[in-house]
Amino acid sequence: MPTPHPLSPPSPWVERFAPLVRAGGPVLDLACGGGRHLRLFHRRGHPVAGLDRDLGGVADLDGSANVTLIQADLETGDSASRLGPLPADARFAGIVVANYLHRPLFPAILAALEPGGVLIYETFADGNARFGRPSSPDFLLRRGELLEAVRGRLQVVAFEQGEIAVPKPAVVQRICAVAGDDPLPL
């Protein structure tokens, strides 16, 4: 088994909204990378699924109870607008996406939320090129794009866009939104 590299801490944005995910509900970490959010939700008692084209960063979790690891390239072939090999009817209490953008997946991500399911999404946005990578518009959200992606489908709990300094200077956009029409607790 490969030696795991040092883990980045979970995003404060993801940590802030993790308690909104139904206790014990399944959570999908899309493009899970090193698994920092997969591990966060697993520690919180959720069954978790990590999906990525390279599972090397989460190899130490292979075989762990309540952890499903799925290797798939979401940007090629049939997966380009689907959540890889997940069944079309798979539903999650929470879906986390951090530092990843493939716009054709937006409909599949929203459809994979169970009623009351929570989407926690945070990635780079227009203006990030001055800080380095990513710099291609293909990988940078346009102003308000996450709001547009969920409009009429999810209730927005919180939304931010702008420049951050920590963990490194970047321009980001992030949203927490909930599926369904039930009133949200304040």
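This is a predicted model: local features need pLDDT of at least 70, side-chain atom pairs count only at pLDDT 80 or more; totals for chains, interfaces and linings use all residues.

R103, R142 and E145 are joined in a network of salt bridges. Within it, E145 pairs with R103 at 2.5 Å, N to O. Because E145 belongs to helix 4 and R103 to the loop between strand 4 and helix 3, this pair ties together parts that are 42 residues apart in sequence. E145 also meets R142 in a salt bridge, at 3.2 Å, N to O. E145 is buried, with a relative accessible area of 8%, whereas R142 is partly exposed at 46%.

Another salt bridge links R151 and E148, whose closest N and O atoms are 2.5 Å apart. R151 is exposed, its relative accessible area being 55%. The whole structure holds 8 salt bridges.

The largest nonpolar core has 33 residues, of which L28, L30, L83, I95, I109, L119 and Y121 touch the most other members. At least two residues of this core come from each of strand 1 (27–30), strand 2 (48–52), strand 4 (92–98), helix 3, strand 5 (113–124), helix 4 and strand 7 (170–179). Beyond its neighbours within four places in sequence, L83 contacts L28, L30, L51, L74, L105, A108, I109 and A112. Another core, of 22 residues, lies apart from the largest one and includes V14, V21, L40 and L61.

Helix 3 (106–111) and helix 4 (145–150) are the elements that give two or more residues to the lining. By class, the lining has 8 nonpolar residues, with no polar and no charged ones.

Technical notes
Residues are numbered from 1 along each chain as its sequence is written. Side-chain values use heavy atoms; hydrogens and water are left out. Helices (H or I, at least four residues) and strands (E, at least two) are DSSP runs, numbered from the N terminus. Ala, Val, Leu, Ile, Met, Phe, Trp, Tyr, Cys and Pro count as nonpolar, Asp, Glu, Lys and Arg as charged, and the others, Gly among them, as polar. A nonpolar core is a set of buried Ala, Val, Leu, Ile, Met, Phe, Trp, Tyr and Cys residues joined through side-chain atoms within 4.5 Å. Buried means under 20% relative accessible area, exposed over 50%, partly exposed in between (1.4 Å probe, protein chains only). Contact means heavy atoms within 4.5 Å. A salt bridge is a side-chain nitrogen of Lys or Arg within 4 Å of a carboxyl oxygen of Asp or Glu.
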